[in-house]
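Subject: Structure handover

Dear colleague,

Here is the structure I said I would pass on. My notes follow below it.

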Amino acid sequence: MEYVSPEGLRLDGRRPMEMRQIRGEIGAVAKADGSAVFEMGNTKVIAAVYGPREVQNRSQQMNDQALVRCEYSMANFSTGDRMRKPKGDRRSTEISLVIRQTMEACIMTHLMPRSQIDIFVQVLQADGGTRSACINAATLALADAGIPMRDLVTSCSSGYLNSTALLDLNYVEDSAGGPDVTVGFLPKLDKVTLLQMDAKLPLDIFENVMQLAIEGCKAVANYIRELLLENTKQLEYRRGV
């Protein structure tokens with residue numbers, strides 16, 4: 001199948017280095033300490049953060065840092081097939097762990113000892129790049145909850161199809177079976193906190209594909225910063241500051 005046309009356009013009309021449209025919204029869940037909805041193209045994710053609060057299971061309490069817990073799930077209506085996905089299946093457990101480790105790299109857990117922070121992310125609509133969308137939604141929700149962070153951690157994926165590096169894969173490109181790299185990145189600190197890849201690539205091509213994903217992460221970080229700034233201005237306006 002041809003994923004990039006001779007004119008250099010992908011199946012959805014984007015250029016190889018073009019991202020899907022991104023959109024974020026803060027404060028989607030009223031009862032949560034922080035929440036956000038994040039969309040990357042047709043992929044839509046909601047995240048809610050609770051904490052820092054008292055550790056529910058005392059045996060897990062840490063005296064020098066906060067306990068970060070994460071739960072990832074997919075709504076039954078999020079994909080085209082109507083199959084009911086069992087809660088806590090291996091894929092969900094693995095993605096929950098990936099998101100938790102990525103968020104732990106940016107949260108200043110040492111400032112909140114003997115407490116816990118719970119992050120819940122649910123995919124409402126899936127069209128490729130769900131892992132990245134979940135990390136971006138969780139970052140927004142943590143910022144909304146006022147959790148201290150070293151930097152905004154953002155994520156984006158890239159792949160290699162028809163001998164072309166492609167940024168921000170959609171579901172059709174993602175399921176083509178080609179190499180697919182997902183990166184989590186701290187833009188101000190210039191650090192990679194997540195790197196997942198599910199196929200082999202020659203080193204020179206891998207560097208190009210990874211660099212493309214990092215550029216995507218930086219673009220997401222710029223958007224999130226603008227969104228948070230706009231939200232702060234609105235809060236100040238409401239309070240009459």
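Is D168 buried or exposed? D168 is buried, with a relative accessible area of 1% (buried means under 20% relative accessible area, exposed over 50%, partly exposed in between, with a 1.4 Å probe and protein chains only).

Before the rest, the basis. This is a predicted model, in which local features need pLDDT of at least 70 and side-chain atom pairs count only at pLDDT 80 or more, while totals for chains, interfaces and linings use all residues. Residues are numbered from 1 along each chain as its sequence is written, and side-chain values use heavy atoms, with hydrogens and water left out.

Overall fold

The protein chain has four helices and nine strands (DSSP runs numbered from the N terminus: helices are H or I of at least four residues, strands are E of at least two). Read from the N terminus, the order is β-β-β-β-α-β-α-β-β-α-β-β-α. The radius of gyration of the protein chain is 18 Å, close to the 18 Å that the globule rule gives for 241 residues, so the chain is as compact as a globular protein of that length (the radius is taken over C-alpha atoms, and the rule is 2.2 Å times the number of residues to the power 0.38). The C-alpha trace spans about 55 × 45 × 35 Å along its principal axes.

Of the 241 residues in the protein chain, 49% are buried. Among contacts between residues at least 6 apart in sequence, 67% join residues at least 24 apart (contact means heavy atoms within 4.5 Å). The chain exposes about 12,500 Å², and carbon and sulfur atoms supply 50% of that area (Shrake-Rupley method, 1.4 Å probe; for residues, only the protein chains shown count as cover).

Annotation

An unreviewed UniProt entry carries the annotation "domain: Exoribonuclease phosphorolytic" for residues 18-148 and 151-216 (positions are in the numbering used here, feature names are shortened, and annotations may be inferred rather than shown by experiment). In the model, residues 151-216 are 27% helix and 39% strand, and the end C-alpha atoms of this span lie 16 Å apart.

R131 is found in helix α2 (residues 130-144) and counts as buried at 18% relative accessibility. Not counting residues up to four places away in sequence, R131 touches R91, E94, I95 and Q196. Q196 itself sits in strand β9 (residues 191-197). The C-alpha atoms of Q196 and D180 are separated by 8.1 Å, and the two residues are 16 residues apart along the chain.

P187 lies in the loop between β8 (180-186) and β9 and counts as buried at 18% relative accessibility. Leaving aside neighbours within four places in sequence, P187 is in contact with D151, L152, A221 and R225. P187 and V220 are 33 residues apart in sequence and 9.9 Å apart in space, C-alpha to C-alpha.

Backbone points to check

The peptide bond from G51 to P52 is cis, with omega near 0°; P52 is in strand β3 (residues 43-54). R114 has a positive phi of about 55° although it is not a glycine. R114 lies in the loop between α1 (90-104) and β5 (115-125) and counts as partly exposed at 46% relative accessibility. D168, also not a glycine, has a positive phi of about 55° and lies in the loop between β7 (164-167) and α3 (171-174).

Regards
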